[in-house]
Amino acid sequence: MGLPPRIGFIGLGIMGRAMASNLLKAGFQVSVYNRTRQRTAEFADLGCEIAVTPRALAKRADTVITMVSDNAAMDAVMEGPEGVLSAFAGGNTLINMSTLSPDYTSALARKCYTAGVGFLDCPVSGSKGAAEKGELVILAGGEKPLVEKFTPVLKAMGKAVVYAGAAPAGTALKLCVNLVIAQLTTALAESAALAEAQGIAPALIFEAIDQNPAMNCGYFSLKKNNILNKDFTPAFPLKHMLKDARFMLVEAARRKLQLPVTAAVETLLAKSYNSGYGEKDLSVILANLTETLGQESTT
Ligand code: NAP
């Protein structure tokens, strides 16, 4: 890819922390920015430069990678006098790996192209564990030669790069993939709630699924501990799936497509969010189902 890129990485949350670490391990020159400074300490210890603002980071990097929560967080790091766009020069590249809305992504791509900056939308499939192992599946949108140029960078964080087409195609594909995850998680939670209500140990669901090669899916194993031990330590915070479900419904409505199951899942996610579970793992929807069951059986 010619000269190695000078990477500026923004967003050291659950996913970004692991992704930036893997870039470092792969030998890339990485400087970092995170809104909460405390989260940069471990990178300072590794000899990384820590930027005090997104602008300062963009000034010393030719490639900026973002992994922040949502559209509002992206605005906070891109826009304004201290934002990335204020410092980014022609010839630089922005690779957004956060899950943002397709509309927002298109607008961001246009801003970059106008400034002569390359843009890729590369959201990821895979959660905390896959990020830590460098085994994410990267859903890439943008001009294909630029995706190819940055494949060594992407491969430092993931095991596969799936090219989807011009931006925001990576984001559009990500929503399709997350639709499946949203429904699988809900299916597991509802199944466990029904088992409990019938006096069946939820562990038996996993035993039965494990024995059936047609149903034995890695995602179910990943969520087994969450469901059986009601341990909702976040790998994928529920608030992020609520955001994504809403993006899916907006995109579907725009095309006059109905997604009735996704709409029901969004209602369940919103209920969990409103119960104060936004920061917990997505599998916490189980808590809402079983709490409701408890309340109803006592009235
Ligand atoms: P997270 O742990 O909640 O981290 C969010 C990051 O965004 C933090 O670095 C946070 O900074 C930053 N941020 C939030 N609001 C900000 C603002 N207003 N200004 C500046 N920075 C802000 O999220 P995550 O789980 O790593 O997910 C990141 C993205 O990847 C999301 O779009 C999510 O949907 C997507 N994703 C997540 C998973 C998963 O399993 N977790 C999997 C695939 C995709 P602070 O440290 O200051 O809060």
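At what angle do the axes of helix H9 (residues 169-197) and helix H12 (residues 238-254) cross? The legends below begin with this pair. The model is a predicted one, in which local features need pLDDT of at least 70 and side-chain atom pairs count only at pLDDT 80 or more, whereas totals for chains, interfaces and linings use all residues. Residues are numbered from 1 along each chain as its sequence is written, and side-chain values use heavy atoms, with hydrogens and water left out.

**Figure 1. The crossing of helices H9 and H12.** The two axes come within 10 Å and cross at roughly 120°. H9 is therefore oblique to H12; angles under 35 degrees count as roughly parallel, over 145 as roughly antiparallel, 65 to 115 as roughly perpendicular and the rest as oblique. Axes are lines fitted to C-alpha atoms, for helices over the stretch in contact, with angles running from 0 to 180 degrees between N-to-C directions. Helices (H or I, at least four residues) and strands (E, at least two) are DSSP runs numbered from the N terminus. The crossing of H9 past H12 is left-handed, a term used if the near helix is turned anticlockwise from the far one by less than a right angle, with right-handed used if clockwise. H9 contributes Leu175, Asn178, Leu179, Ile181 and Ala182 to the contact, and H12 contributes Met241, Asp244, Phe247, Met248 and Glu251; contact means heavy atoms within 4.5 Å. Sorted by class, the residues of this contact are seven nonpolar, one polar and two charged. Ala, Val, Leu, Ile, Met, Phe, Trp, Tyr, Cys and Pro count as nonpolar, Asp, Glu, Lys and Arg as charged, and the others, Gly among them, as polar.

**Figure 2. The packing of helices H10 and H11.** Helix H10 (residues 203-211) packs with H11 at an angle of about 165°, and the axes are 10 Å apart. The two helices are therefore roughly antiparallel to each other. Their crossing is left-handed. On the H10 side, the contact is made by Ala203, Phe206, Ile209 and Asp210; on the H11 side, by Phe220, Lys224, Ile227 and Leu228. Six of these contact residues are nonpolar, none is polar and two are charged.

Figure 3. Asn288 counts as buried, because its relative accessibility is 4%; buried means under 20% relative accessible area, exposed over 50%, and partly exposed in between (1.4 Å probe, protein chains only). The side chains of Asn288 and Ser275 make a polar contact at 3.4 Å. Such a contact is a pair of N or O atoms within 3.5 Å; within protein, one must be able to donate a hydrogen and the other to accept it, and residues adjacent in sequence count only if both atoms are side-chain atoms. With neighbours within four places in sequence left aside, Asn288 is in contact with Lys271, Ser272, Ser275 and Tyr277.

**Figure 4. The position of Leu268 in helix H13.** Leu268 belongs to helix H13 (residues 260-277) and is buried, with a relative accessible area of 14%. Not counting residues up to four places away in sequence, Leu268 touches Thr186, Glu190, Ile285 and Leu289. Leu242 is 26 residues from Leu268 along the chain, and their C-alpha atoms are separated by 9.2 Å.

**Figure 5. Backbone features at Pro168, Lys230 and Lys256.** The peptide bond from Ala167 to Pro168 is cis, with omega near 10°, and Pro168 is placed in the loop between strand S9 (158-165) and H9. Lys230 is not a glycine, yet has a positive phi of about 45°. Lys230 lies in the loop between helix H11 (218-229) and H12, and is partly exposed at 36% relative accessible area. Lys256, likewise not a glycine, has a positive phi of about 55°. Lys256 lies in the loop between H12 and H13 and is exposed, with a relative accessible area of 78%.

**Figure 6. Ser31 in strand S2 and Ala44 in helix H2.** Ser31 has its place in strand S2 (residues 29-33) and is buried, with a relative accessible area of 6%. Leaving out residues up to four places away in sequence, Ser31 touches Ile7, Gly8, Phe9, Glu49, Leu57 and Arg60. Ala44 is found in helix H2 (residues 41-45) and is partly exposed, with a relative accessible area of 40%. Ala44 and Val32 are twelve residues apart in sequence, and their C-alpha atoms are 9.0 Å apart in space.
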